[in-house]
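Subject: Structure for you to look at

Hello,

Please find the structure below. My notes on it follow.

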Amino acid sequence: MDTIILYSVWIVTAIFLVIFIRRKNLLRAQLSFMFMQVPTWLFGTLVVKGRLIEYPVGFLSVVYKASFTFEYFVFPAISAIFNVHFPRNKSWLIKTMYTLSFPSIMTVVEVLLEKNTDLIKYLNWTWYLSFITITITLLLSYWYYLWFFKKMKKMHAEEDH
């Protein structure tokens with residue numbers, strides 16, 4: 001059953017990318033996706049090596065003890081959607097609700113998987129640490145996204161003059 005869940009997660013995530021990322025935002029989504037793979041790989045490795053979380057069932061588990069699915073596909077995809085659709089021109093309340101909705105949903109799903117499957121096991125970890133780290137990592141990704149495209153815009157403006 002756990003393997004079926006993993007395959008389903010890959011399929012659903014791919015469908016979400018197709019639905020939520022338009023062709024005009026493909027470059028922005030790709031940058032977000034690739035950027036997020038770095039901190040998730042690093043943090044995922046640290047929590048497994050530190051015996052905070054364990055992933056008993058997963059793809060490539062013989063060579064990679066963290067969650068390949070989450071760190072290399074799901075979280076980067078969520079980051080891409082988060083960054084591309086961030087409500088930049090809305091009120092701080094809308095931005096805050098938007099920002100907190102992503103880690104809230106992800107944490108609820110993670111807790112359900114932890115309680116009902118062998119995909120993830122908390123050893124010395126809690127749901128609120130997931131919530132905090134997911135929030136910080138998403139914001140880090142968004143700040144990088146803003147910085148990168150601001151630099152690109154500036155470079156293009158300098159080339160035009």
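Phe20 is partly exposed, because its relative accessible area is 36% and partly exposed covers the range between under 20% (buried) and over 50% (exposed). Please keep in mind that this is a predicted model.

Phe20 belongs to helix α1, which covers residues 2–20. It also takes part in a nonpolar surface patch of about 530 Å².

Which side chain of opposite charge is nearest to Asp2? That is Lys121, at 7.4 Å. A salt bridge needs a side-chain nitrogen of Lys or Arg within 4 Å of a carboxyl oxygen of Asp or Glu, and Asp2, although buried, has none. What the side chain of Asp2 does reach is the backbone nitrogen of Asp118, at 3.1 Å. Leaving aside residues up to four places away in sequence, Asp2 touches Val57, Thr117, Asp118 and Leu119.

How many salt bridges are there by this rule? The count is two.

- Lys121 and Asp118: their side chains meet in a salt bridge, with 3.6 Å from N to O. Lys121 counts as partly exposed because its relative accessibility is 23%. Asp118 is likewise partly exposed, at 38% relative accessibility.
- Arg51 and Glu54: here the side chains meet in a salt bridge at 3.8 Å, again N to O. Glu54 has a relative accessible area of 32%, so this residue is partly exposed.

Is Phe68 buried, partly exposed or exposed? Phe68 is partly exposed, because its relative accessibility is 25% and the limit for buried is under 20%. Not counting residues up to four places away in sequence, Phe68 touches Trp10, Phe59, Leu60 and Phe73. Tyr55 is 13 residues from Phe68 along the chain, and the C-alpha atoms of the two are separated by 9.6 Å.

Regards

Terms used:
Residues are numbered from 1 along each chain as its sequence is written. This is a predicted model: local features need pLDDT of at least 70, side-chain atom pairs count only at pLDDT 80 or more; totals for chains, interfaces and linings use all residues. Side-chain values use heavy atoms; hydrogens and water are left out. Patches are made of residues with over 30% relative accessible area and no salt bridge: like charges are joined within 9 Å, nonpolar side chains (Val, Leu, Ile, Met, Phe, Trp, Tyr) within 5 Å. Accessible areas come from the Shrake-Rupley method with a 1.4 Å probe; for residues, only the protein chains shown count as cover. Helices (H or I, at least four residues) and strands (E, at least two) are DSSP runs, numbered from the N terminus. Buried means under 20% relative accessible area, exposed over 50%, partly exposed in between (1.4 Å probe, protein chains only). Lys and Arg count as positive and Asp and Glu as negative; His and the chain ends are not counted. A polar contact is a pair of N or O atoms within 3.5 Å; within protein, one must be able to donate a hydrogen and the other to accept it, and residues adjacent in sequence count only if both atoms are side-chain atoms. Contact means heavy atoms within 4.5 Å.
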